[in-house]
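Please look through the sequence and the model below before reading on. The paragraphs after them go step by step from the overall fold to individual side chains.

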Amino acid sequence: MTNTKLIMSVWTVMFMLTGSVLYAQQSHEELAIVQNLFGMNKRSLYEKTMTLSAADSVGFWPLYDTYESKRTKAVKKHHRRNQEIYQRVSKHYS
């Protein structure tokens, strides 16, 4: 299996698992665990498939970590907003 096929397969499985967790309305703690695992697996996947020199790694990984931190915060904010909307709609129709 080529690296591209492997990466696509891993991404497909991760998105399927992440989506099912989000739609199952897990607790915040469970969601945080899954997101942390997804983030660690994603970084590990990048580390294995990217060929960065030592000098490039020193510059890249801090940028990547900052990006991931901001992206995670944005996703959590979006998720909380969606939960608030769902709750308001369900109260309206119950």
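The model is predicted, so local features are described where pLDDT is at least 70 and side-chain atom pairs count only at pLDDT 80 or more, while totals for chains, interfaces and linings use all residues. Residues are numbered from 1 along each chain as its sequence is written, and side-chain values use heavy atoms, with hydrogens and water left out.

The secondary structure of the protein chain comes to three helices and zero strands, where helices (H or I, at least four residues) and strands (E, at least two) are DSSP runs numbered from the N terminus. Read along the sequence, the chain therefore follows the pattern α-α-α. Helix H2 covers residues 28-49, and helix H3 covers residues 54-93. Of the 94 residues in the protein chain, 15% count as buried; here buried means under 20% relative accessible area, exposed means over 50%, and partly exposed lies in between (1.4 Å probe, protein chains only).

Leu 45 is found in helix H2, and Leu 45 counts as buried because its relative accessibility is 10%. Leu 45 and Ile 7 are 38 residues apart in sequence, and their C-alpha atoms are 7.7 Å apart in space. Thr 49 also lies in helix H2, but with a relative accessible area of 25% Thr 49 is partly exposed. Between Thr 49 and Thr 4 there are 9.2 Å in space, C-alpha to C-alpha, and the two are 45 residues apart in sequence.

The aromatic side chains come next. Rings of Phe, Tyr and Trp (for Trp, its six-membered ring) pair if their centres lie within 6.5 Å, and planes under 30 degrees apart count as stacked, over 60 as edge-to-face and the rest as tilted. By this rule the count comes to four aromatic pairs. The rings of Phe 60 and Trp 61 have centres 4.8 Å apart and planes at 75°, so this pair is edge-to-face. Trp 61 and Tyr 64 form an aromatic pair that is edge-to-face as well, with 5.2 Å from centre to centre and 85° between the planes. Both Trp 61 and Tyr 64 lie in helix H3, three residues apart, which is about one turn of the helix. Are Trp 61 and Tyr 64 buried or exposed? Both of them are buried, Trp 61 having a relative accessible area of 11%, whereas Phe 60 is partly exposed at 27%. Ring pairs link Tyr 46, Phe 60, Trp 61 and Tyr 64 into a cluster.

Charged side chains form another set of contacts. Side chains of opposite charge can pair when their charged atoms come close. A salt bridge is a side-chain nitrogen of Lys or Arg within 4 Å of a carboxyl oxygen of Asp or Glu, and the structure holds three salt bridges. In one of them, the side chains of Arg 43 and Glu 47 meet at 3.0 Å, N to O; these residues both lie in helix H2, four residues apart, or about one turn of the helix. Asp 65 forms a salt bridge with Arg 43 too, the closest N and O atoms being 2.5 Å apart. This pair links distant parts of the chain, with Asp 65 in helix H3 and Arg 43 in helix H2, 22 residues apart. Arg 43, Glu 47 and Asp 65 are thus linked in a network of salt bridges. Arg 43 is partly exposed at 23% relative accessibility, as are Glu 47 at 42% and Asp 65 at 37%.

Glu 68 forms a salt bridge with Arg 71, where the closest N and O atoms are 2.8 Å apart. Because Glu 68 and Arg 71 are three residues apart in helix H3, about one helical turn separates them. Glu 68 counts as buried at 10% relative accessibility, while Arg 71 counts as partly exposed at 26%.

Finally, a positive surface patch is formed by Lys 76, Lys 77, Arg 80, Arg 81 and Arg 88. Patches are made of residues with over 30% relative accessible area and no salt bridge, with like charges joined within 9 Å and nonpolar side chains (Val, Leu, Ile, Met, Phe, Trp, Tyr) within 5 Å. Lys 76 is found in helix H3 and counts as partly exposed because its relative accessibility is 35%.

How values were computed. Areas by Shrake-Rupley, 256 points an atom, 1.4 Å probe, with all protein chains shown as cover. Lys, Arg positive; Asp, Glu negative; His and termini not counted. Charge placed at Lys NZ, Arg CZ, Asp CG, Glu CD.
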